[in-house]
Amino acid sequence: MTAAATTRIGVAIDIPEPWGEQLTLRRAAAGDPQAAYTPAHVTLLGPTEIATDALGAVEKHLEKVAVAQQPFTIHLRGTGTFRPITEVVFVALAVGISECELLAEAITSSDDVDRGSRFPYHPHVTVAQDVSPEQLDAVFEDLGGFSAKFHVTSFTLFSHGGEGPWRRRRDFPLGV
């Protein structure tokens with residue numbers, strides 16, 4: 001008996017330009033190895049293995065989730081950290097937290113998405129991970145005054161084949 005084929009997916013809100021590139025470049029400058037593969041984003045569903053034959057059903061579910069959520073504003077402001085639990089520095093959401101939480105909850109309500117999590121969902125933009133404590137401190141300080149406000153009109157389904165960058169599969173417009 002062979003195991004069913006799986007696909008690794010993730011769902012995120014892209015950070016628009018010029019801020020997305022700015023945050024991704026700062027992450028790379030800190031030496032974070034994920035910067036080359038993962039542009040700046042707010043995660044709604046972290047890396048999750050699903051049955052490949054369930055991908056169509058997951059996309060239909062994401063369509064329903066997107067239609068039910070009206071566009072909203074995200075205001076990124078300042079930095080935060082999950083230290084000492086995990087060695088991560090992030091840019092914080094000052095506005096848009098509840099909308100992201102509702103989207104994340106709705107996305108994981110699909111029967112085809114089995115995503116256990118070690119930690120409660122907390123929307124943020126990771127800007128340093130898997131780097132030295134000194135680099136974490138530097139990024140925390142450098143981006144402490146960061147601020148960006150933008151309108152969110154969609155979220156994106158990504159897939160990952162195990163190597164290289166995440167691939168954009170499909171955008172899901174909100175409220176449409």
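In this predicted model, threonine 126 is buried, with a relative accessible area of 17%. Burial requires a value under 20%, so the 17% of threonine 126 places this residue in the buried class. Threonine 126 belongs to strand S5, which covers residues 124-129. Its side chain makes a polar contact with the side chain of histidine 124, at 3.2 Å.

The protein as a whole contains four helices and eight strands. Read from the N terminus, the order of elements is β-α-β-α-β-β-α-β-α-β-β-β. Among contacts with a separation of 6 or more, 76% join residues 24 or more positions apart.

The overall dimensions were then computed. The C-alpha atoms fill a box of roughly 50 × 40 × 25 Å along the principal axes. The radius of gyration is 16 Å. A compact globule of 176 residues would have a value near 16 Å, so the protein agrees with that expectation.

Burial and surface were also examined. Of the 176 residues, 43% count as buried, and threonine 126 is one of the buried residues. The protein carries 14 positive and 22 negative charges.

Terms used. Residues numbered from 1 in each chain as written. Predicted model: local features only at pLDDT ≥ 70, side-chain atom pairs only at ≥ 80, totals over all residues. Heavy atoms only, no water. Helix = DSSP H or I, 4+ residues; strand = E, 2+ residues; numbered from the N terminus. Buried < 20%, exposed > 50% of the residue type's maximum accessible area, 1.4 Å probe, protein only. Polar contact = N/O pair within 3.5 Å; in protein donor to acceptor, adjacent residues only side chain to side chain. Rg over C-alpha atoms; globule rule 2.2 N^0.38 Å. Contact = heavy atoms within 4.5 Å. Lys, Arg positive; Asp, Glu negative; His and termini not counted. Charge placed at Lys NZ, Arg CZ, Asp CG, Glu CD.
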